[in-house]
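This report describes one protein chain, from its overall make-up down to a few side-chain contacts. The structure is shown first.

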Amino acid sequence: MGKLQKWLTDFLEIKRSDSEILSIQYLRGIAACMVMFFHFNLTNQAEFVGVQNTIHEIGKRGYIGVEIFFCISGFVLLFALIKAKYEVKDFGNFFLRRVVRIE
């Protein structure tokens with residue numbers, strides 16, 4: 001097994017528990033950095049000149065990190081439901097628990 005193949009296998013492997021997917025954690029970190037870079041660009045627009053203008057153009061698209069967070073949330077929610085073997089009859093209990101958690 002080559003180093004790249006081992007790294008990719010480790011990257012996609014479920015770690016620590018059956019409910020944590022390491023690649024999702026990486027993606028969450030990337031999305032957080034994108035949003036942070038976006039906000040950094042908003043506050044420092046006047047300082048970007050020349051070559052740094054390219055960096056500014058890339059940073060303007062950091063808002064996509066928020067959309068990535070929404071996709072991750074949807075995946076994690078569905079993953080948790082499948083792992084817990086929820087059925088349609090359990091929706092009321094599930095919805096109540098989510099509302100309490102969010103509030």
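Which exposed residues does the face of H4 turned away from its buried side carry? They are Phe70, Cys71 and Leu78, where exposed means over 50% relative accessible area, buried under 20% and partly exposed in between (1.4 Å probe, protein chains only).

## Basis of the model

This is a predicted model, in which local features need pLDDT of at least 70 and side-chain atom pairs count only at pLDDT 80 or more, while totals for chains, interfaces and linings use all residues. Residues are numbered from 1 along each chain as its sequence is written, and side-chain values use heavy atoms, with hydrogens and water left out.

## Chain overview

The chain has 5 helices and 0 strands, which gives the pattern α-α-α-α-α along the sequence. Helices (H or I, at least four residues) and strands (E, at least two) are DSSP runs, numbered from the N terminus.

Of the 103 residues in the chain, 17% are buried. Among the contacts (heavy atoms within 4.5 Å) with a separation of 6 or more, 50% are between residues 24 or more positions apart. The chain exposes about 8,400 Å², and carbon and sulfur atoms supply 66% of that area. Accessible areas come from the Shrake-Rupley method with a 1.4 Å probe; for residues, only the protein chains shown count as cover.

## Helix H4

Helix H4 covers residues 64-83, and its 20 residues should span 28 Å at 1.5 Å a residue; the end C-alpha atoms are 28 Å apart, which agrees. The expected span is 1.5 Å times one less than the number of residues.

The buried residues of H4 are Gly65, Ile68 and Ile72. They cover an arc of only 50 degrees around the axis, so they are on the same side of H4; the arc is that of the directions from the helix axis to the C-beta atoms.

## From H4 to H5

Just after H4, Lys85 takes a positive phi of about 55 degrees. Tyr86 lies in the loop between H4 and H5 and is partly exposed because its relative accessibility is 27%. Leaving aside neighbours within four places in sequence, Tyr86 is in contact with Leu81, Phe94 and Arg97.

Leu81 belongs to helix H4 and, at 22% relative accessibility, counts as partly exposed. Not counting residues up to four places away in sequence, Leu81 touches Tyr86 and Phe94. Leu81 and Phe94 are 13 residues apart in sequence, with their C-alpha atoms 9.0 Å apart.
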